[in-house]
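Here is a short briefing on a protein model with a ligand. Start with the sequence and structure below, then read the points by topic.

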Amino acid sequence: MHTVADVASAQTRLLDFKRHGLRVGFVPTMGFLHEGHLSLMRLARARCDHLVASIYVNPLQFGPNEDLDQYPRDLERDTALCESVGVDTLFVPPDLYDGDHSTTVRVQELTDGLCGASRPGHFDGVTTVVARLFGIVQPDVAVFGEKDYQQLAVIRRMVRDLCLPIEIVGGPLVRDVDGLALSSRNKYLNASDRSRALTLFAALQAIANSGSPSVSERLAIARPIVQADSVDYLSIVHPSSLKPLETIDGPARALVAAHVGSTRLIDNIGL
Ligand code: AMP
């Protein structure tokens, strides 16, 4: 595995692999890797000749009162984990933007609800960094997790709207043995936070197990289960438009975002 920190060197190196006909796969991350990230790297590994992973905590996608400064980091451990799943190039830029960076990539509508409503500007930060990373890496295939379900939908839409020649693959959400969705932010949780965090998944399971076609009935069953300090949303939406549903008569997705202590957690389940 080769580690590159510099934008221009990464782009030159990867373009060279592409010129030699290699299919480049890409998994962007913010590091502090866990089995969720590694599962995406394994999926990408099986779909490409040269696997690139990136670790970059992107300031653009954090709000002013969010956890940018505390976001957990462990580059040494992450490097070993990337190597263990067969990453060929690890891209770890200390900075990604030029001082006079002036471009924002914005996907409209899909970003209005859910996390877009509770984290203004978040998805602009995500699409801007992913577009820039795509320009540097020029992947043939990129893998994103269903853990960040709205993010995956937004990136699919960006790639379609901008005609980027990149196949986007969604990887299933990976959970801990107790059911908690794996997240780098789980590191912030103490034991009592963690048991409250588990109620997010319990609420989603209650929604999935209810046979009612009525969205309001399913949400009424689930709401009292969530033991969080505040709930940003608990919603049932269409799986691709992300528009709220009233009746479940086809595929749907239930999603939740809530704060437990100072930690914001998200989870979702297919219906
Ligand atoms: P992050 O480092 O949190 O920005 O996540 C990088 C990628 O890993 C994103 O595509 C996430 O959706 C994905 N990811 C994070 N946690 C999980 C998980 N528990 N299961 C599957 N994918 C995940």
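**Ligand shell**

Strand S2 (24–29), helix H2 (35–45) and strand S5 (141–145) each supply at least two residues of the shell around the ligand. Helices (H or I, at least four residues) and strands (E, at least two) are DSSP runs, numbered from the N terminus. This is a predicted model: local features need pLDDT of at least 70, side-chain atom pairs count only at pLDDT 80 or more, and totals for chains, interfaces and linings use all residues. Residues are numbered from 1 along each chain as its sequence is written, and side-chain values use heavy atoms, with hydrogens and water left out.

*Who surrounds the ligand*
- H2 gives the most to the shell, with three residues.
- The ligand is surrounded by 17 residues, each with a heavy atom within 4 Å of it.
- The closest are His37, Gly145, Asp148, Val174 and Leu182.

*Polar contacts (pairs of N or O atoms within 3.5 Å)*
- The His37 side chain places an N or O atom 2.9 Å from a ligand oxygen.
- For Gly145, a polar backbone atom lies 2.9 Å from an oxygen atom of the ligand.
- Met30 has a backbone N or O atom 2.9 Å from an oxygen atom of the ligand.
- Alone, the ligand exposes 480 Å², and the protein buries 93% of that (Shrake-Rupley method, 1.4 Å probe).

*Helix crossing*
- The axes (lines fitted to C-alpha atoms over the stretch in contact, with angles from 0 to 180 degrees between N-to-C directions) of H5 (residues 122–137) and H6 (residues 149–161) come within 11 Å and cross at roughly 55°.

Technical notes: A polar contact is a pair of N or O atoms within 3.5 Å; within protein, one must be able to donate a hydrogen and the other to accept it, and residues adjacent in sequence count only if both atoms are side-chain atoms.
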